[in-house]
Amino acid sequence: MRRSLSNGVSNEELLITPASIFSRLIRDVQHARRSIDVEFYIFELDNVGRSFAMLLARKARQGLAVRLLLDGFGSRMISSSLCRELRESGVELSISSKFANSRNHRKMCLIDGRVAHIGGANIADRYVVGNGLGVWYDVVLRIEGEEVALLSRLFEFDFMLEKGVIGDVGQSGRGRILFYWSELESGHAMQNLFRLVTQGAKRRLIITTPYLFPSHQEIELLSNAVERGVNVVVVVPERVDVWLLDSVMPHFLNMVRSVGVEVLIARGLFVHSKMALVDSRCVVVGSANLDSRSFATNRELMAVSFNCSVVESANRYLANIIQQCTALRDEDTRSIMPKFVAEILRPLL
């Protein structure tokens with residue numbers, strides 16, 4: 001993977017703890033002076049969700065242009081009363097159909113067109129206090145500078161799309177940060193990024209994903225990296241939050257392990273980050289899981305950063321998680337679902 005440079009200046013920070021993720025997001029929104037554009041897959045009606053909604057409403061009443069774009073399926077529990085309250089405060093709220101197959105899985109918040117937060121975390125208590133699966137571990141990339149203009153165009157594309165207007169974001173550019181969104185490269189951006197990551201690794205590749213349902217092509221790319229001598233490590237949670245996914249995932253963990261990938265199981269915590277660390281040289285972070293839905297159906301956003309401080313933060317984050325992991329054991333790979341059922345379901349996962 002080659003690094004592209006521009007004359008623009010950007011400041012990047014990888015937020016790796018719940019305290020840093022949400023405190024920095026809230027502080028940036030509080031300091032907004034002109035506009036706030038927010039896009040999330042899940043927006044829960046809990047303490048975090050209500051507090052953030054009230055903050056957006058307050059900024060809208062202060063005269064800022066505030067837009068909130070939510071996925072109808074992921075945020076299906078949001079109440080009509082909260083929607084009405086937000087709209088009455090001046091927030092321009094748009095929610096996609098909950099029945100849409102192509103879900104808007106992107107997560108980003110843009111402040112004044114100069115600061116952006118993108119990554120895997122949604123707006124919900126589980127990212128702060130955890131739930132029955134344990135503490136949720138995620139990462140968010142905070143970006144400040146000219147690079148945010150491209151993300152602003154992407155948000156505009158998404159927001160107008162919900163109004164039935166099909167626009168054009170343009171190309172991803174040649175900035176200090178490389179952005180990949182699903183609509184690029186004829187809809188193959190996520191697959192192509194995974195290919196670049198696996199083929200570009202020289203020594204070590206660490207991937208974290210909560211859902212691991214790779215295609216045969218993606219397993220082959222992992223296998224090729226192992227054959228080249230790359231130490232490929234995949235970190236997944238012990239359990240996932242959907243019963244069907246939890247019952248078939250062991251089949252795919254075994255497939256990945258069978259080609260020489262080191263599979264680590266995080267015990268007592270839920271790894272929700274969608275991230276790759278390539279040779280301690282660059283970090284890939286965003287919203288896409290390693291599954292067919294993220295690669296081919298949903299609207300996703302990933303970023304590639306070569307910033308040294310971002311790489312250092314990713315190393316600290318991974319070191320902390322790996323300390324709480326154990327290697328995949330045979331008993332972890334006994335799927336409740338038969339192999340042929342898992343293969344039939346693969347394109348839908």
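The crossing of helices H6 and H7 is right-handed, the term for a near helix turned clockwise from the far one by less than a right angle, anticlockwise being left-handed. Helix H6 covers residues 189–200 and helix H7 residues 216–227, and the two pack at about 15 degrees with their axes 9 Å apart. H6 is thus roughly parallel to H7, a label given to angles under 35 degrees. Axes here are lines fitted to C-alpha atoms, for helices over the stretch in contact, and angles run from 0 to 180 degrees between N-to-C directions. Helices (H or I, at least four residues) and strands (E, at least two) are DSSP runs numbered from the N terminus.

The model is predicted, with local features requiring pLDDT of at least 70 and side-chain atom pairs pLDDT 80 or more, while totals for chains, interfaces and linings use all residues. Residues are numbered from 1 along each chain as its sequence is written, and side-chain values use heavy atoms, without hydrogens and water.

On the H6 side, Gln191, Phe194, Arg195, Thr198 and Gln199 meet Glu218, Leu221, Leu222 and Ala225 of H7, where contact means heavy atoms within 4.5 Å. By class, this contact has 4 nonpolar, 3 polar and 2 charged residues; Ala, Val, Leu, Ile, Met, Phe, Trp, Tyr, Cys and Pro count as nonpolar, Asp, Glu, Lys and Arg as charged, and the others, Gly among them, as polar.

Ala53, Met54, Ala57, Ala60 and Arg61 of H2 make the contact with Leu82, Glu85, Leu86 and Ser89 of H3. The classes here are 6 nonpolar, 1 polar and 2 charged residues.

Turning to the sheet, 8 strands form an open, mixed arrangement in the order S9-S18-S16-S15-S10-S12-S13-S19, with pairing requiring at least two DSSP bridges between two strands. Strands S9 (177–181) and S19 (325–327) stand at the edges with a single partner strand each, so one side of each has no neighbour in the sheet. Neighbouring strands are turned by 20 degrees against each other on average, direction ignored.

S9 pairs with S18 (residues 301–305) in the antiparallel sense over 5 bridges, and isoleucine 177 has serine 305 as its bridge partner in S18. Helix H10 (residues 308–322) packs on the sheet, touching strands including S10, S12 and S19, and its direction makes about 110 degrees with that of S15. H6 also lies across the sheet strands S9, S10, S15, S16 and S18, running at about 135 degrees to S9.

Key:
Parallel < 35°, antiparallel > 145°, perpendicular 65-115°, else oblique.
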